[in-house]
Amino acid sequence: IEDKAFGALAKQKGTKMMMVYGNENFSSMWATRLADVIHGMERIVSFSVSVSPLRGVAFAIVIFVIMVLPFLVVMSSLFLYLVGSHFSPILFMLSIIASILVLFASSIEILGPLKLSPAYIPAAPLAGLLFITAVLTASYKNALRKRITWKGRKYDPSEVKF
């Protein structure tokens, strides 16, 4: 959000800009508490879902299907196996393979550019739930015209045009 505002100001002043990847040169603490993580994600997604609360709901459904549902399918198949009820070994193996492929593919898109370890892949369902929470709360706040607050700053999605 701030980057967009800086870029718009630089363009307005006729300043030349250059994008660089600086993760090796800089570091910062993004959040220290779970609430801060959710508020930070709300800030990031609030402008994407500000057009319509339904866009946020649709976005949350897509994230659920990609990041959470495969995990639930594997866990439910495992549960059925453990209780001995209507267990299908083929369905179980297919669900595990599909879940691993979906989690791996979606995680590569996120972990690769950020240069993070593949060890984070098993946490994808939890990350998906956190992201869904942020998308839905941002959609709710946008629908009620409430501002998003993060690190003491207030953001109003209706004031930012992309």
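Because the model is predicted, local features are given only at pLDDT of at least 70 and side-chain atom pairs only at pLDDT 80 or more, whereas totals for chains, interfaces and linings use all residues. Residues are numbered from 1 along each chain as its sequence is written, and side-chain values use heavy atoms, with hydrogens and water left out.

The protein contains five helices and two strands, taken as DSSP runs (H or I of at least four residues for helices, E of at least two for strands) and numbered from the N terminus. Along the sequence these elements follow the pattern α-α-α-α-α-β-β. Of the 162 residues, 28% are buried, that is, under 20% relative accessible area with a 1.4 Å probe and protein chains only. Among contacts (heavy atoms within 4.5 Å) with a separation of 6 or more, 67% join residues 24 or more positions apart.

Two packed helices are described by the angle between their axes and the distance between the axes. Here axes are lines fitted to C-alpha atoms over the stretch in contact, and angles run from 0 to 180 degrees between N-to-C directions. The axes of helix H3 (residues 53–83) and H5 come within 9 Å and cross at roughly 170°; H3 and H5 are therefore roughly antiparallel, the term for angles over 145 degrees. Residues of H3 in this contact include Phe59, Ile63, Phe64 and Phe71, while those of H5 include Leu129, Phe131, Ile132 and Leu136. By class, the contact of H3 with H5 has 18 nonpolar, three polar and no charged residues, where Ala, Val, Leu, Ile, Met, Phe, Trp, Tyr, Cys and Pro count as nonpolar, Asp, Glu, Lys and Arg as charged, and the others, Gly among them, as polar.

Helix H2 (residues 34–46) packs against H5 (residues 124–143) at an angle of about 60°, with the axes 8 Å apart, which makes H2 oblique to H5. The contact, in which Ile38 and Met41 are among the residues of H2 and Ala134 and Ala138 among those of H5, comprises nine nonpolar, five polar and two charged residues.

Serine 139 lies in helix H5 and is buried, with a relative accessible area of 4%. Leaving aside residues up to four places away in sequence, serine 139 touches Val49, Pro53, Gly56 and Val57.

Note on methods. Buried means under 20% relative accessible area, exposed over 50%, partly exposed in between (1.4 Å probe, protein chains only). Angles under 35 degrees count as roughly parallel, over 145 as roughly antiparallel, 65 to 115 as roughly perpendicular and the rest as oblique.
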